[in-house]
Each structure stands twice: as C-alpha cells, then as structure tokens.
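Good morning, and thank you for making time for this. I would like to take you through one structure, and I ask that you keep the coordinates open while I speak.

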Amino acid sequence: MEFRPESIPEAEHQFKSKVEAYAVAQGVAPSHRLFRHFVEADSLATYAAGVRIRRELSWSGELRDQSVLDVGSGFGGTLISIAGAGARVVGLEYDRERLRLCRERLALHGLRASLVRGDGFALPFPTGSFDVVVCSEVLEHVPRKRAFVEEMIRTLKNGGLLYLSFPNRRSITNLLSDPHYQLPLISVLPPRISAWCVRRVRGLDYEVDDLPAASAVTRWCRDMGVDVASLIHSERVLVERVMNPMTVKRYEMRAALVGLQKLRLSGALKAAIRFRSGFGASAVLVGRKA
C-alpha cells in the first residue's frame, strides 16, 4: 500500500526519526545498504499494514467495542489502526525496547492500548478472552509455529476471529529475494547456513526461523477448529469478478467470464485463483473459531 506524503499523519513522521535512532542503536549504521529498508519496514510499512488489517477485519464485522489481541505487536502499527476503530486493544510484545517505542507511538497519535510484555507461547490471558486475535509478520520469527498458533486460538472466544499474515515459504518472489535481508535462496536454506550468509554478506544477525507455508498453517488452524481462508486482496477481487462478471468494466473480459459461467467453469477458475494465492509472497488467513 502506498501513501502520498500529504496523507501520512505528522505523528508518523515524528515516529520515523525514533525508528532511525533505534536502528542505529541495534548496530545498523545509516550507511548500511539496508538501513532505509529497516526504517521503512518498522515505521511507514507497519502503519500501512495496520490500515490494511483494519480494512480486512472490517469485512468480517464491526470492530468498535470488540476485544482485540495483537500478538507480537512490535512497533504498534496494527494497534494504532484498530484502536482508532474504537476497539479495546491489547498488544503483546516480548522486546522491551519495542514496547517502549510502541507506547511512544500511540502517544504521538493520541491513542491508548494496553501493552503487555509476554511470551507468545504462554499468553498471560484466560481461555476465550478475545473477540479477535491478530498476528502479523511474526510466525516466520518463531520456532514451534503450530504451538504458537494453538496458543493464540486458545485465547479466542468461540465465534471469534483469527487473523494471520506472514511471508509465504512457497513464494517465488521470497525465494529470489528474502523479504527481510533481500538475499536469494535464504528462505529455503537451513537456518545455520542462512545465518552464516546474512552475517557474511549483510553483517547482521539472522533473526528469522523459517518462512511458514500457507497451506501448512491453514491445515493447523482447521485441525484446531478455525476454518481459515485466504484473504489476499488481489484474490478476493478476482474471485468476486469471476462469480459476478457483470461488475467487470471491460467488455471482452466480462463476456469471457459470462461464457465460463454458462459452461459451468467458474468454479474451476475460482479454485485455480485460490491455488495460485497459495504461492503468493504474502499469506493472509482469516477465519472464525467454531
């Protein structure tokens, strides 16, 4: 998602300078090739992701007055957007410095959220505490991913909504250029070799476990009573056009889709689109707990 400079809140410009200082404190010099990448990823990119997540959650219902847990809230991009929608938000983060910056970012926006330092493998909340549980761009950083997902589902109320997003292991894009360090093949190499390559080429510690496969995460969730489905925006748009061809503006495309519908092939095309999304760079899975 791209923002015009005039559409970015002043609070985000102020927060970006804090992230620059944070990156330097973490040992990434301003002259480092990935300095701008890291700063953007932790500032504007998390703000943009929060806007997208809020919009995608709204497709499943109103957020106002809902209890929402953001697991691995990091720098708070999701918290800002969801708190702005009137939800009761709790952000859980293990890193103390990120919690501090998240608190400062919320203050810059004039928003409030409950921030908790804790471990995602042992969430400090009773079973069935939340209407919505969000976990964005965290799964690739943790081992024992199934156990991590299971603990999130435990805290979700029956009928509650689970939202997961992460870089997809099966993506050709991520294979050619790792989303974190921008190196080829890193996402499929054994972690020790990946760590050696990142230290050697980038001079940085490797902070990724491995990228999850969307199909595997989907299977785990369904085994645990949450029937998740892909919610990648491009897939949603394409599927809607296939099923409702009269909404398509281009005559040729509309005619082709109507023809497929008459031949009863729309379902096959819909399945092909969803199969393709399993190989997208970013996986977005949403579902309700039974």
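Predicted model: local features only at pLDDT ≥ 70, side-chain atom pairs only at ≥ 80, totals over all residues.

Seven strands form an open sheet with mixed pairing, and their order is S3-S2-S1-S4-S5-S7-S6. Which strands stand at the edges? They are S3, residues 114-117, and S6, residues 229-230. Each has a single partner strand, so one side of each is left without a neighbour in the sheet.

Further in, strand S1, residues 67-71, pairs with strand S4, residues 130-136. The pairing of S1 and S4 is parallel and extends over three bridges. If you wish to locate it on your screen, take Leu69, whose bridge partner in S4 is Val133.

Two helices deserve attention here. Helix H3 lies across S4, S5 (156-167) and S7 (282-288), and runs at about 140 degrees to S5. Helix H6 lies across S1, S4 and S5, at about 145 degrees to S5. Both helices will return in a moment, as I turn to charged side chains.

A search of the whole structure finds 13 salt bridges. I have selected some of them.

Arg52 forms a salt bridge with Glu56, with 3.3 Å between the closest N and O atoms. How are these two residues placed along the helix? H3 spans residues 44-58, and because Arg52 and Glu56 are four residues apart in it, about one helical turn separates them. Glu56 has a relative accessibility of 2%, which means that it counts as buried.

The second example is in H6. The side chains of Glu151 and Arg154 meet in a salt bridge, at 2.9 Å from N to O. These residues are three apart in H6, again about one turn of the helix.

Lys145 forms a salt bridge with Asp209, the closest N and O atoms being 3.1 Å apart. This pair links distant parts of the chain, 64 residues apart: Lys145 belongs to H6, residues 145-154, while Asp209 is in the loop between helix H8 (191-202) and helix H9 (214-223). Lys145 is buried at 8% relative accessibility. Asp209 is partly exposed, with a relative accessible area of 25%.

I close with the cysteines. How many disulfides does a search of the whole structure find? The search returns zero. Consider Cys135, which is in no disulfide; its nearest cysteine sulfur is that of Cys221, 10 Å away. A disulfide requires the two sulfur atoms to be within 2.5 Å. Cys221 is likewise in no disulfide, and the nearest cysteine sulfur to it is that of Cys135. Cys135 is buried, with a relative accessible area of 1%, and Cys221 counts as buried at 0% relative accessibility.

That concludes my presentation, and I welcome your questions.

How values were computed
Residues numbered from 1 in each chain as written. Heavy atoms only, no water. Salt bridge = Lys/Arg side-chain N within 4 Å of Asp/Glu carboxyl O. Buried < 20%, exposed > 50% of the residue type's maximum accessible area, 1.4 Å probe, protein only. Pairing = 2+ DSSP bridges. Contact = heavy atoms within 4.5 Å. Axes fitted to C-alpha atoms, helices over the stretch in contact; angles between N-to-C directions.
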